[in-house]
Amino acid sequence: MYTQGLDIKTGDTSVPLERGDGQLDRRFQAKIDADEKIEPKDWMPEGYRKTLVRQISQHAHSEVVGMLPEGNWITRAPSLRRKAALLAKIQDEAGHGLYLYSAAETLGVSRQELIDQLLAGKAKYSSIFNYPTTTWADIGAIGWLVDGAAIMNQVPLQRCSYGPYSRAMIRICKEESFHQRQGYEIMLTLCRGTAEQKRMAQDALDRWWWPSLMMFGPSDKDSEHSAQSMRWKIKRVSNDELRQKFVDVTVPQAEFLGLRVPDPDLRWNAERGHYDFGEIDWDEFKQVLMGNGPCNRERMRARRSAHDNGRWVREAALAHAEKRRARAAAAPVAEAAE
């Protein structure tokens with residue numbers, strides 16, 4: 001199978017490329033190197049498709065599971081304004097999951113299959129969402145740090161080589177920037193409040209700092225998929241580069257808040273023009289990914305429960321859609337009989 005976008009043009013003659021002769025792969029990579037978008041009907045290597053399905057589905061799962069740590073604070077938000085903002089944010093996260101599941105479906109995988117993989121524990125999502133939210137300050141820290149790290153990761157994805165994914169990221173990044181500002185504003189309010197409120201903000205920073213650095217994934221030398229993803233321009237910036245940029249941007253923000261970053265090795269390196277920071281506990285990262293984090297089991301129980309409890313809604317929606325199709329099909333017959 002081939003498409004016009006992957007044909008070799010020789011003068012006025014279009015020479016179709018056959019699968020397996022090596023030319024398809026070379027033509028595909030040439031298109032990537034020229035910064036042209038790959039669209040769903042274009043030929044693509046199976047490895048490219050599988051990499052995108054893995055990455056986009058993990059991203060979608062993360063958006064959906066990411067609603068859980070914040071959801072239990074809706075009824076406990078300290079004011080109506082905070083409640084409305086948190087509701088809007090959680091609604092955004094649900095929408096992000098839908099955009100991403102839709103993008104994954106263009107690669108020939110069904111949404112139900114992806115959700116089944118998540119519920120069965122076969123699919124991964126971001127390790128950050130397996131940590132508890134114990135105080136209101138955690139909602140601020142998640143917005144400031146977690147969504148801040150997400151923006152660092154996701155802005156380059158707007159230039160991803162796969163068209164549906166890159167286009168979905170444009171709206172997602174705009175909304176994530178709102179989430180980051182909301183979180184920072186919560187932290188700022190706490191830091192300008194009572195001494196107890198500032199201690200609460202510091203405690204949240206202490207607990208979320210290192211998991212936020214882990215969000216960028218393993219070090220480049222240990223990342224299994226990074227090199228190929230960079231060659232295919234699915235990823236545009238390496239894990240370590242993004243992590244460094246996040247530290248460089250976030251440390252001055254913490255200083256403005258009057259908070260201390262919980263890293264005794266953190267210091268400005270004038271020669272490099274970047275902050276030096278301590279070693280991440282990669283054993284903790286691996287344990288959380290393996291399902292042994294503080295809230296892994298709780299998160300999966302909540303997702304399975306929500307899926308089971310929502311079954312009647314899905315069945316009702318399908319029944320309504322089928323009834324509308326039946327009415328539409330019957331209308332021409334009724335008109336002809338008249």
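**Exercise 1. Find the residue that lies over the face of Trp73, and give its distance from the ring centre.**

Solution. Start at Trp73 and look above its ring. Arg76 sits over that face, 3.9 Å from the ring centre. Keep in mind that you're working with a predicted model here.

**Exercise 2. Get your bearings: how many helices and strands does the protein have, and what percentage of its 338 residues is buried?**

Solution. Begin with the secondary structure: there are 13 helices and four strands. Next, the overall dimensions: along the principal axes, the C-alpha trace spans about 75 × 60 × 30 Å. Now for burial: 47% of the 338 residues are buried. Finally, check the contacts with a separation of 6 or more: 74% of them are between residues 24 or more positions apart.

**Exercise 3. Work through the largest nonpolar core: which residues have the most contacts inside it, and which helix gives it the largest share?**

Solution. The largest nonpolar core has 82 residues. Those with the most contacts inside it are Tyr48, Ile56, Trp144, Tyr162, Tyr165, Trp208 and Trp209. Helix H6 (residues 136-154) brings the largest share of this core, with eleven residues.

Now zoom in on Tyr162. Leaving out residues up to four places away in sequence, Tyr162 touches Tyr48 and Ile56, and its other partners include Ile38, Pro40, Met44 and Leu107. Glu39 and Thr106 are among the residues it touches, too.

Then turn to Tyr48. Besides its place in the core, Tyr48 belongs to a cluster that ring pairs build from Phe28, Trp43, Tyr48 and Trp232.

**Exercise 4. Classify the ring pair of Trp268 and Tyr275 as stacked or edge-to-face, then do likewise for Trp282 and Phe285.**

Solution. The structure holds ten aromatic pairs, and we'll take two of them. For Trp268 and Tyr275, the ring centres are 5.0 Å apart and the planes meet at 75°, so this pair is edge-to-face. Trp268 is partly exposed, because its relative accessible area is 49%. Tyr275 is buried, because its value is 11%.

On to Trp282 and Phe285: with 5.3 Å centre to centre and 85° between the planes, this pair is edge-to-face. Both residues lie in helix H11 (residues 282-292), three residues apart, or about one turn of the helix. Trp282 comes in at 17% relative accessibility, so it counts as buried. Phe285 has 9%, so it counts as buried too.

**Exercise 5. Look for disulfides: how many are there, and which cysteine sulfur is nearest to Cys173?**

Solution. The test is whether two cysteine sulfur atoms lie within 2.5 Å of each other. By that rule, the count is zero. Take Cys173: the nearest cysteine sulfur is that of Cys160, 12 Å away, and Cys173 is in no disulfide. As for burial, Cys173 is at 8% relative accessibility, so it counts as buried. Cys295 is at 6%, so it counts as buried as well.

Terms used: Residues numbered from 1 in each chain as written. Predicted model: local features only at pLDDT ≥ 70, side-chain atom pairs only at ≥ 80, totals over all residues. Heavy atoms only, no water. Core = buried A, V, L, I, M, F, W, Y, C linked by side-chain atoms within 4.5 Å. Buried < 20%, exposed > 50% of the residue type's maximum accessible area, 1.4 Å probe, protein only. Helix = DSSP H or I, 4+ residues; strand = E, 2+ residues; numbered from the N terminus. Contact = heavy atoms within 4.5 Å. Phe/Tyr/Trp six-rings, centres within 6.5 Å; stacked < 30°, edge-to-face > 60°. Lys NZ or Arg CZ within 6 Å of the ring centre and 35° of its normal.
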